Amino acid sequence: MARRRSPAQPIAAVGAALPPMPPSVVPMPLAEPAAPAADRTGAAFFDVDNTMMQGASLYYFARGLASRRYFTTIDLAKFAISQARFRLLAAEHSGDIAQAREAALAFIEGWKVDDVQRLSEEIFDELMADRIWSGTRALADQHLAAGQRVWLVTAAPVELGRVIAARLGLTGALGTVAEIRDGAYTGRLVGEMMHGPAKAHAIEALAAAEGLDLTRCTAYSDSINDVPMLTSVGRAVAVNPDSALRRMARAQGWDIRDFRSGRKAAKVAVPVALGAGVLAGAVAGGMALSRRRKKT
């Protein structure tokens, strides 16, 4: 007859009498997921305006400056009307680009680089963060998860591009570079504006410096003006494409990703068109106010 355990006998004592568990079956804590192996030859390049962001980064930057009284909202409205043709009419000719460059450089002459950095961070958080396309950001995150580096490529000042890239956790940015001396902008440009073929040249130079295999790289853009960039890599993706790029993407068999609904597309159409000319219009409109501030 089996002996019954006394109710007074502690239950733990029964367990204590069991032999110790062999080390091979002792539960181990779950391991952290392994970080992806770095892919040193593959990378991704994203245009910013209407590709990574709804609308144009420079448009929102100008709005932020206007709210801080670096120039007036009337200046911004005048710019909006006069520069809408810049993209709506596909008027991205060399003369327009040169005018935009000269106006932008005249405006920032004498500005401290640290001030532009600070303003870029503030204005991104206030006006741009909520306008990042979640679908495009997910595409960028997929490249990062695969161990690839991800760069933004934008006609905006490189300082603004770097702020956006940092806020999104990306590798870095290629953008228009203004000359700096003693921590301030001189009013001269280093090289050309990061526009059209200049984007492809910048990517090719980066690939040479970083050891990238461009046939293993991917580029994303919304604009027909970025065909040089899109064709400089092994895989092109049209994101929220304009009609001309959509036609070309279909003809070439490129992937097309459109994250806009009809309502959203209508809402962002004007900022995109106006943002393309922000350097030549809003900035130029604010030059007089800026100069008056410097004199006082």
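Analyst: We'll take confidence, then the helix pairs.

Analyst: This is a predicted model, where local features need pLDDT of at least 70, side-chain atom pairs count only at pLDDT 80 or more, and totals for chains, interfaces and linings use all residues. Residues are numbered from 1 along each chain as its sequence is written, and side-chain values use heavy atoms, with hydrogens and water left out.

User: What's the mean pLDDT of the chain?

Analyst: The mean is 77, and 64% of residues reach 70 or more. pLDDT is the predictor's confidence in each residue, from 0 to 100.

User: Where does pLDDT stay under 50?

Analyst: One stretch is residues 85–94, with 20 contacts (heavy atoms within 4.5 Å) beyond four places in sequence. Residues 263–296 are also below 50, with 77 contacts beyond near neighbours in sequence.

User: OK, helices. At what angle do H2 and H6 cross?

Analyst: Roughly 105°, with the axes of H2 (residues 57–67) and H6 (residues 113–128) coming within 9 Å. So H2 is roughly perpendicular to H6 (65 to 115 degrees).

User: Which residues meet there?

Analyst: In H2, they include Tyr-60, Phe-61 and Leu-65; the H6 side includes Leu-119, Ile-123 and Leu-127.

User: And how do H6 and H8 cross?

Analyst: At roughly 50°, with the axes of H6 and H8 (residues 158–167) within 9 Å.

How values were computed. Axes fitted to C-alpha atoms, helices over the stretch in contact; angles between N-to-C directions. Helix = DSSP H or I, 4+ residues; strand = E, 2+ residues; numbered from the N terminus. Parallel < 35°, antiparallel > 145°, perpendicular 65-115°, else oblique.
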